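Hi there,

Here is the structure I promised to pass on to you.

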Amino acid sequence: MKRVVLLGPPGVGKGTQAGFISEKYNMLHISTGDIFRANIKEGTPLGKTAKEYMEKGLLVPDELVCDLVEDRLTWDDCKDGYLLDGFPRTVFQAEHFDAWLKSRGEELSVVLDIQADNEALIFRATGRRVCPACGKPYHIAVMPPAKEGICDYCGAKLIQRADDAEETVRKRLQVYQDQTSPLIEYYTGTGKIAEVDGMKTPEEVFEQICALLGE
Ligand code: AMP
């Protein structure tokens with residue numbers, strides 16, 4: 001049973017790796033970004049609040065995210081472990097989450113820190129396309145679908161996320177640098193961190209992750 005956190009800047013491939021990991025290890029993939037996007041699509045109050053921040057490339061307020069995730073993790077389907085993609089994203093969230101885990105007598109198995117350089121991240125995020133129906137991510141140059149603009153799995157028309165426009169990507173990278181990258185030091189302090197070289201191909205990145213997670 002594993003509780004895994006995927007840490008890394010926007011566009012590093014967390015979503016892609018999360019898909020591979022959840023399939024191979026049969027782990028539940030929880031993406032806070034996906035939860036917010038689903039709420040925006042459904043027009044819920046949570047979606048309305050989140051949209052204001054997301055559109056600008058800013059983070060949704062900490063308390064709101066912590067309550068959302070910690071509530072979600074009490075569902076039955078999380079009993080056998082989970083893979084967190086996009087949470088925690090600030091030291092506040094990490095501390096809050098650690099206290100919550102501790103209160104339940106639980107702890108994280110590992111924090112996978114995936115890194116790549118900024119130019120590669122901008123190239124990846126701006127070329128990213130995603131299936132609005134099943135969530136499968138693509139890249140127009142690196143991981144294109146078999147038929148241009150169409151999801152290989154469900155045939156839906158691929159879209160570009162609004163926050164993958166270049167200016168917003170640069171803003172998100174800055175926010176990552178300022179607010180999320182301090183988590184590397186935080187988790188190094190707890191001895192939970194494992195580094196992954198995100199400059200490699202998706203398959204090679206996954207090989208590194210498998211070596212860390214074991215069979
Ligand atoms: P992602 O899909 O992980 O890139 O997240 C997209 C956007 O959702 C981020 O740019 C934030 O605005 C918001 N978001 C996702 N996860 C969090 C989080 N843990 N804390 C604050 N905001 C978040």
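Predicted model: local features only at pLDDT ≥ 70, side-chain atom pairs only at ≥ 80, totals over all residues.

**The ligand site**

The ligand has 16 residues around it, and the closest are T32, R37, L58, G86 and Q93. Helix α2, which runs over residues 32–42, contributes the most to this shell, with four residues. Sorted by class, the shell holds seven nonpolar, four polar and five charged residues.

The side chain of R37 has an N or O atom 2.9 Å from an oxygen atom of the ligand. The side chain of R172 also places an N or O atom by a ligand oxygen, at 3.1 Å. For V60 the backbone is involved: one of its N or O atoms is 3.0 Å from a nitrogen atom of the ligand. On its own, the ligand has 480 Å² of accessible area, and the protein covers 96% of that.

Helix α9 covers residues 202–213. Its 12 residues should span 16 Å at 1.5 Å a residue, and this agrees with its end C-alpha atoms, which are 16 Å apart. Which residues of α9 are buried? They are P202, V205, F206, I209, C210 and L213. These residues lie on the same side of α9, because they cover an arc of only 140° around the axis. E207 and A211, on the other side of α9, are exposed.

Helix α3 (residues 45–54) has G47, A50 and M54 among its buried residues. Here the arc around the axis is only 70°, so these residues too sit on the same side of α3. The face of α3 turned away from that buried side carries P45 and K48, which are exposed.

**Two backbone details**

Most residues other than glycine have a negative phi, and most peptide bonds are trans. Two places in this model are worth checking with that in mind.

- N26 is not a glycine, yet its phi is positive, at about 55°. This residue is in the loop between α1 (14–25) and β2 (28–31). N26 counts as exposed because its relative accessibility is 70%, and the cut-off for exposed is over 50%.
- The peptide bond from F87 to P88 is cis, with omega near -10°. P88 is located in the loop between β3 (81–85) and α5 (91–103).

Happy browsing, and write back with any questions!

Best wishes

Note on methods: Residues numbered from 1 in each chain as written. Heavy atoms only, no water. Near = heavy atom within 4 Å. Polar contact = N/O pair within 3.5 Å; in protein donor to acceptor, adjacent residues only side chain to side chain. Areas by Shrake-Rupley, 256 points an atom, 1.4 Å probe, with all protein chains shown as cover. Helix = DSSP H or I, 4+ residues; strand = E, 2+ residues; numbered from the N terminus. Nonpolar A, V, L, I, M, F, W, Y, C, P; charged D, E, K, R; others polar. Expected span 1.5 Å × (residues − 1). Buried < 20%, exposed > 50% of the residue type's maximum accessible area, 1.4 Å probe, protein only. Arc of directions from axis to C-beta.
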